[in-house]
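Please keep the sequence and the structure in view while reading.

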Amino acid sequence: IVCGVLNIDMAVCFCFRDRKEWADLEPVPQDDGPNPVVKIAYSEKFSDVYDYFRALLKKDERSERAFALTAEAIELNAANYTVWHYRRVLLQALSKDLREEMRYITNIIEEQPKNYQVWHHRRMVVEWLGDPSEELEFIAQILSQDAKNYHAWQHRQWVIQEYKLWDKELAFVESLLEDDVRNNSAWNQRHFVISHTTGFSEPAVVERETQYCLNQIRKAPHNESVWNYLKGMLQDRGLSSQPGLLEKVLELKETHCSPYLLAFLFDCYEDALENGVPKDSLDQGCQETLEKALEICKLLAQEKDTIRKEYWQFLGRSLQDRYGGEVSPGDATPTAPASEPQQIS
Amino acid sequence: MSAQLKDVIIKPDAPSWLLLDKHADYIAAYGSKKDDYEYTLSEYLRMSGIYWGLTVMDLMGQLPRMSRQEIIDFIKACQHECGGVSASIGHDPHLLYTLSAIQILCLYDSLDAIDVDKVVEYVKGLQQEDGSFAGDKWGEIDTRFSFCAVATLALLGKMDSINVDKAVEFVLSCMNFDGGFGCRPGSESHAGQIYCCTGFLSLTGQLHQLNADLLGWWLCERQLPSGGLNGRPEKLPDVCYSWWVLASLKIIGRIHWIDKAKLRRFILACQDEETGGFADRPGDVVRRVLKSRAQIFLQCSECSGLSSAGGSFPHSVRDRRSLSPRRRADQGSKSGSVHAGGRPAEGPPAARPPQLAHHHPHKHRYPHINSPQLEAGSGSGLISVSLFGLNPSSAHVSIQRIVFQLLKFKHNLKTHSLHLNASLPSAAAKN
């Protein structure tokens with residue numbers, strides 16, 4: 001889009017200033033202030049359209065030609081929020097066909113799906129119509145081009161919550177996770193749907209979700225999202241409260257290990273220490289639990305996730321401070337402070 | 001399913017020091033027609049563009065070179081009857097550009113140039129019943145705007161004009177199960193939104209409501225083997241996220257959890273050796289020229305220690321506005337651990353983020369800090385949120401001039417500190 005406009009053959013540019021039906025308007029050139037900081041040369045088409053846009057704004061003209069011009073202005077720069085404002089004012093003032101506007105905004109979003117203005121505009125139109133019936137399918141289509149489009153997901157959450165369209169969403173999320181089990185947006189949506197429907201208090205739900213996570217981990221072990229989700233779901237009640245989970249994680253450690261698994265294991269041990277008595281499945285005393293947890297920190301800091309060694313060392317130290325006594329002999333890590341160094345690094 | 005992590009490869013011959021001459025050339029060429037067009041495209045964020053440029057200049061001690069009065073006059077012309085400020089003349093007012101305008105006027109110690117009481121009224125009028133803030137009269141709600149609102153009011157010393165408790169409640173309701181924040185309750189955690197929310201909590205004195213260890217971990221997880229940072233899990237690194245993530249970590253006192261040397265290497269590798277300028281990641285075409293540039297210099301400052309430990313907002317402004325932005329109190333050294341041998345100072349053991357984020361505030365993973373008061377902390381929380389969330393293809397031409405000027409003074413930039421040891425193994429080996 002940036003380079004294309006400069007190649008426009010000006011001979012065929014049917015500029016507004018050449019159109020008879022616009023002759024009554026005095027175009028308003030760009031005003032950079034009483035003392036413009038820089039003088040600029042604009043591309044002709046752009047300045048033509050925007051000069052006339054400014055003229056209309058100045059008059060606050062509410063007309064069909066103004067409405068038509070907003071489309072041209074948007075095509076040149078869909079990020080210009082003032083143009084969108086004006087278009088909405090006109091939509092209402094002229095009682096325009098909102099269904100047609102839906103078609104319009106659908107096209108624009110398809111061309112430029114990563115723009116705040118276009119999605120906000122769509123939301124306004126949906127609200128005015130009071131009709132969300134096209135939304136889920138439309139958003140699904142946009143997500144099929146980019147499954148992590150942040151704007152699309154915002155809009156989807158709004159539609160679902162506003163119009164209570166929860167029914168099929170979990171199934172939708174699962175289909176996306178089938179396509180890409182590492183889609184963090186989809187995992188977030190999963191949490192969103194469940195927390196607003198069944199909630200996470202029911203043991204049956206937690207069991208089902210835990211199983212689901214473990215299955216996904218087996219398919220793709222190196223996946224931050226699934227581990228975040230699992231931890232996020234369980235952390236309130238305590239990670240070690242889920243019967244049999246630690247065993248399964250220890251099993252997975254042998255065949256499907258990852259830094260995330262190790263971090264989760266650490267969290268389990270920490271939770272066990274925090275809640276006093278280790279559960280049966282741990283089959284070890286507090287000291288052993290602590291040692292295992294510290295081993296994990298060392299493994300991560302020194303080998304499995306060295307880029308975050310500061311963090312892993314901090315975790316180990318903190319745990320030791322809380323539950324331990326002695327420094328374990330194997331711990332030869334330098335005692336860098338957990339606090340940020342005061343001097344400039 | 002592939003075990004391949006989404007990342008980029010930094011080639012062994014990627015740039016490893018700051019190519020100031022190339023950037024100078026790139027900017028010198030910026031006056032072409034093509035770039036004028038890009039300039040016009042970015043008119044809708046002009047106010048923020050000016051702010052970024054001035055910030056960079058000020059960081060470099062070159063603010064006096066800018067056209068102060070012209071800019072102030074421009075701002076005056078952009079304040080509307082409702083008190084809000086627009087991005088440019090003839091545009092509609094918006095919270096984003098109101099903040100940028102106030103920030104510029106603070107830099108210039110010229111708040112009396114506009115009607116600040118009206119600004120306060122405008123900001124106050126945008127607060128919703130649930131404590132959130134709309135960006136403008138059209139009602140888009142986003143935690144970015146919560147940040148804009150409190151940043152504006154903090155600079156004006158008028159925080160009490162809004163319902164701060166409600167505002168805090170809303171932001172906390174956007175805290176997710178992973179400790180991060182999105183734009184609205186339930187929205188996916190995103191580095192840019194996290195920056196806005198941590199900045200917000202810093203400005204409202206509510207950093208203790210964060211689970212700093214959990215959030216700090218989420219943030220440092222953004223770092224990929226290449227050294228670059230992404231904005232959320234399983235996304236490619238992008239140089240702009242370095243800023244959002246680093247600034248957030250700074251605010252919560254966990255910036256040392258990022259491998260700085262690797263990040264620096266990544267940023268420098270984003271340079272285009274032929275044309276100059278920075279791409280969003282190594283190997284990409286240079287786009288988003290000068291918006292990124294402002295960020296890059298801020299990042300480079302951070303990485304090379306050019307900026308003060310207090311962050312990127314000038315001390316002089318902080319002092320003038322009587323600001324004491326807060327950072328999370330840090331864990332303390334091994335010997336000085338707050339909970340060595342002891343119980344938490346108060347409250348039950350650390351709770352975790354709730355399932356439904358809009359319920360109760362979080363407790364600490366390691367309860368320790370009750371009063372996060374520190375020496376003047378990160379001013380980076382005050383850097384305009386306008387840096388985030390906009391998709392400018394470029395920025396104000398003034399930035400072009402700014403940067404060109406600043407590049408001429410490269411002897412002040414301590415480039416030697418950015419020149420990496422040639423024997424550093426390439427990150428490519430790991431990939």
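## The largest cavity

Helix 7 of chain A gives the most to the lining of the largest cavity, with 5 residues, where helices (H or I, at least four residues) and strands (E, at least two) are DSSP runs numbered from the N terminus. A cavity here is a set of points, on a 1 Å grid over the protein atoms alone, where a 1.4 Å probe fits but cannot get out, and its lining residues have an atom within 4 Å of a point. The model is predicted, and local features need pLDDT of at least 70, side-chain atom pairs count only at pLDDT 80 or more, while totals for chains, interfaces and linings use all residues. Residues are numbered from 1 along each chain as its sequence is written, chains are lettered from A and ligands numbered from 1 in the order in which they are written, and side-chain values use heavy atoms, with hydrogens and water left out.

The volume of the largest cavity is about 190 Å³, a volume being the space filled by probe spheres set on the points, which are joined across faces, edges and corners. Its lining consists of 15 residues, and those nearest its centre are A:Trp119, A:His120, A:Gln154, B:Glu140 and B:Arg184. The elements that give two or more residues to this lining are helix 5 (116–129) and helix 7 (150–163) of chain A. By class, the lining has 6 nonpolar, 5 polar and 4 charged residues, with Ala, Val, Leu, Ile, Met, Phe, Trp, Tyr, Cys and Pro counted as nonpolar, Asp, Glu, Lys and Arg as charged, and the others, Gly among them, as polar.

## The second largest cavity

By the same rule, the model holds 9 cavities of 30 Å³ or more, and the second largest cavity contains about 120 Å³ of space. Of the 12 residues that line the second largest cavity, A:Lys231, A:Ala263, A:Phe264, A:Asp267 and B:Trp217 are closest to its centre.

Helix 11 (224–234), helix 13 (259–274) and helix 15 (309–323) of chain A each supply at least two residues of this lining, and the largest share, 4 residues, comes from helix 13 of chain A. The lining of the second largest cavity divides into 8 nonpolar, 1 polar and 3 charged residues.

## An enclosed helix in chain B

Helix 10 of chain B (residues 212–220) is largely enclosed by the rest of the structure, because 9 of its 9 residues are buried, that is, under 20% relative accessible area, with exposed meaning over 50% and partly exposed in between (1.4 Å probe, protein chains only). Among these buried residues are B:Trp217, B:Trp218 and B:Cys220. The cover over helix 10 of chain B includes helix 11 and helix 15 of chain A, together with helix 9 (191–203) and helix 11 (239–251) of chain B, with contact taken as heavy atoms within 4.5 Å.

Over all chains the count comes to 0 disulfides, a disulfide being a pair of cysteine sulfur atoms within 2.5 Å. The sulfur of A:Cys297 is 13 Å from the closest cysteine sulfur, in B:Cys220, and therefore too far for a bond. A:Cys297 counts as buried at 4% relative accessibility, and B:Cys220 counts as buried at 0%.

## The two chains

Chain A has 15 helices and 0 strands, and buried residues make up 56% of its 345 residues. Chain B has 15 helices and 0 strands, and 68% of its 431 residues count as buried.

Methods: 1 Å grid on protein atoms, 1.4 Å probe; cavity = no way out; pocket = protein on both sides within 12 Å on 5 of 7 lines; lining within 4 Å.
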